[in-house]
Amino acid sequence: MQSGTFHTSYASDMALRPYWPQRVRIAIVLIAVLIFPWFADRYWLNLANTIAIAAIGAIGLNILVGYTGQISIGHGGFLAVGAYTAGLLAVRLDMPMWITIPVASLFTALVGAFFGLPSARLKGLYLAIATLASQEIIIWLLTHGKLLGIGESLSLPPATNNLFGVPLNALGNNDFVFYWITVGFLALTVIFVSNLFRSRAGRAFVAIRDQDIAAQVIGVDIFRYKLLAFATSSFFAGLAGALTAHYRGIISWERFTIDTSILYLAMIIIGGLGSVSGSIYGAAFMVLLPAMLANLARSVSGVVPDINSYLPFIQQGAFGLAIILFLIFEPEGIVKMWRNVKDYFRLWPFSY
Amino acid sequence: MANGNGASLSPPQLEIDSVSLDFGGVRALSNVCFNIYPGTIQAIIGPNGAGKTSLLNCISGLYRPQHGAIRFEGRNIIGMAPHAIARLGIARSFQNIELFRHMTVLDNLMLGRHIHMRSGVLSGGLYWGRAQREEIAHREVVEQVIDLLEIQSIRKKTVGTLPYGLQKRVELGRALAMSPRLLLLDEPMAGMNSEEKEDMARFILDVNEERGTTIVLIEHDMGVVMDISDRVAVLEFGQLIADGTPEEVRTDPKVIDAYLGREHAIRQG
């Protein structure tokens, strides 16, 4: 507990970051985020964009799994819905990204609410299997995409990457411009979701996770709120998918298989269930781990020439090892480790 | 208190009209009939397995009785969803604490205000204007409950970390935050020491007197039941065997045989 801060109104007591050390930390992070792209090269900008997009998707999944307690292994499918909706709108109707991205997000929210219908009857692992079905149905529709007129992959016309008529490549290189777009959307997502969970609807989500019978008895219509949780979660999956489509310029269904769903689950478990910042830490960890291993392999390839052929196996092994180590040593994730660090320094130099 | 005699003049707030509840072949409640009058404290007593909690579950909509009617302020509530019954003004606490363990005391109580608030996902996420004003207005109502229950010092603690007695108090607080007209309390004093019981009895009486809330109370501590309730209903094996003032019930030979025991009756004079 932080002490020495005296709030004189409910509004200041209920602020998202009521204590000054929190505000200082936020300011430092903001400054770092604003300075970073001016010094980073395209490799690092690409990593940052990948992290930002993954973090938006992970926050979306955390709304459903971490906050509302509805396990979903269909998140990859919802990312695909967002990506393909944006892609098809751009390819078929030549719509610019500032229209396709919101439309794709809203459409994914509707699809998510539809696939959330089984949550009326199913809980826990049974619901997880039902979401697995939604994953497979969506991927099946895309691979048998003659219905939608999709081939193996979809290439977006570069001209659709414009903001209100200003083409993005006039503003700088693709990675640099998309840095501001992805990080901007991530910031909006963080603010929206943090607010959500300090207000009525968000509390109802958490109530369903903690005690669904008590939630009913205090007047929460739990079926309605489960569907809302599916819709909200899928909205952010759709946003992440649509951003991916426009950033990469080419999408194929292989990016959105069950592997992706599990990768996102791993992000929120490693980062911290039921935590917005945890979702970002988890996304960063899961993107940086294979990238750093690849860098390491490159630097030792002079000594161990074969290492590049083993790299995919090393990456997969590290991925599994990381999950196991986290589950054993810090099941509450990176966000708990960070909290321990903060607690240590708050009490320093006294240990109690 | 002590308005039990006058209460029967006003129409009942809750009518339990020949309610029967079966689980497969087991009859949990059979033809239970009694009325609960506005502003009274109604105790329900009886041995374990008599159907007391089942009756509360029928009232709050968690169980659906096969026969009979439960009328709240004249309206049959059987078949309504639990959240719809809550909106009518019926709140309850549970025998085994059913709080939202990972949330703070404040958030638990704010959830009690859920039915009185409007904002949804979009306005909550934007937290601008109406949603913020609504949160602050309802925070004030919650603070009144916090003051009443004397839990100011724990308002930002996570509920799961609190001791049992305080959790019971927070659960009462969550029900009170709903500003109910009928409050169902399932063994609010179970597992408490006598000091904690006194506190809880005082809170129940305060709520009844200051807010005029009707209270239905399941309790095993006969001293408390006889002291604070206006009327007492006695269940045994799913049947209502007595319903009256504490004095009438205490001397009823059927109740003495089924539940109180001879010795108790003699000791109480």
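This note goes through a predicted model of a structure with chains A and B, point by point.

1. Basis of the note. Because the model is predicted, local features are given only at pLDDT of at least 70 and side-chain atom pairs count only at pLDDT 80 or more, whereas totals for chains, interfaces and linings use all residues. Residues are numbered from 1 along each chain as its sequence is written, chains are lettered from A in the order in which they are written, and side-chain values use heavy atoms, with hydrogens and water left out.

2. Helix H7 of chain B. This helix covers residues 164-177, where helices (H or I, at least four residues) and strands (E, at least two) are DSSP runs numbered from the N terminus. With 14 residues at 1.5 Å a residue, H7(B) should span 20 Å, and its end C-alpha atoms are 20 Å apart, which agrees; the expected span here is 1.5 Å times one less than the number of residues. Just after the helix, B:Ser179 takes a positive phi of about 50°.

3. Burial of H7(B). Since 12 of its 14 residues are buried, H7(B) is largely enclosed by the rest of the structure; buried means under 20% relative accessible area, exposed over 50%, and partly exposed in between (1.4 Å probe, protein chains only). Charged side chains are found among the buried residues, including B:Lys168, B:Arg169, B:Glu171 and B:Arg174. The cover over the buried residues includes helix H9 (212-217) of chain A, and from chain B it includes strand S6 (90-93), helix H4 (105-112), helix H6 (130-149), strand S7 (182-186) and helix H8 (194-211).

4. B:Arg174. B:Arg174 counts as buried because its relative accessibility is 1%, and its side chain reaches the backbone oxygen of B:Glu98 at 3.0 Å.

5. The interface of chains A and B. The size of an interface is often given as the accessible area lost when the parts come together. Here the two chains bury about 3,300 Å² between them, 64% of it on carbon and sulfur atoms, the buried area being the accessible area (1.4 Å probe) lost on putting two parts together, summed over both. In chain B, the residues that lose the most area to chain A are B:His114, B:Val121 and B:Tyr127, together 20% of what that side buries. The contact takes 39 residues from chain B and 33 residues from chain A.

6. On the side of chain B that touches chain A, the elements giving two or more residues are helix H3 (82-88), S6, H4, helix H5 (121-126) and H6 of chain B, and the largest share, six residues, comes from H6(B). By class, that side has 18 nonpolar, nine polar and 12 charged residues; Ala, Val, Leu, Ile, Met, Phe, Trp, Tyr, Cys and Pro count as nonpolar, Asp, Glu, Lys and Arg as charged, and the others, Gly among them, as polar.

7. B:Asp199 and its partners. B:Asp199 forms a salt bridge with B:Arg169, the closest N and O atoms being 3.7 Å apart. B:Asp199 lies in helix H8 and B:Arg169 in helix H7 of chain B, so the pair ties together parts that are 30 residues apart in sequence. B:Asp199 also meets B:Arg202 in a salt bridge at 3.3 Å, and both lie in helix H8 of chain B, three residues apart, about one turn of the helix.

Note on methods: Polar contact = N/O pair within 3.5 Å; in protein donor to acceptor, adjacent residues only side chain to side chain. Contact = heavy atoms within 4.5 Å. Salt bridge = Lys/Arg side-chain N within 4 Å of Asp/Glu carboxyl O.
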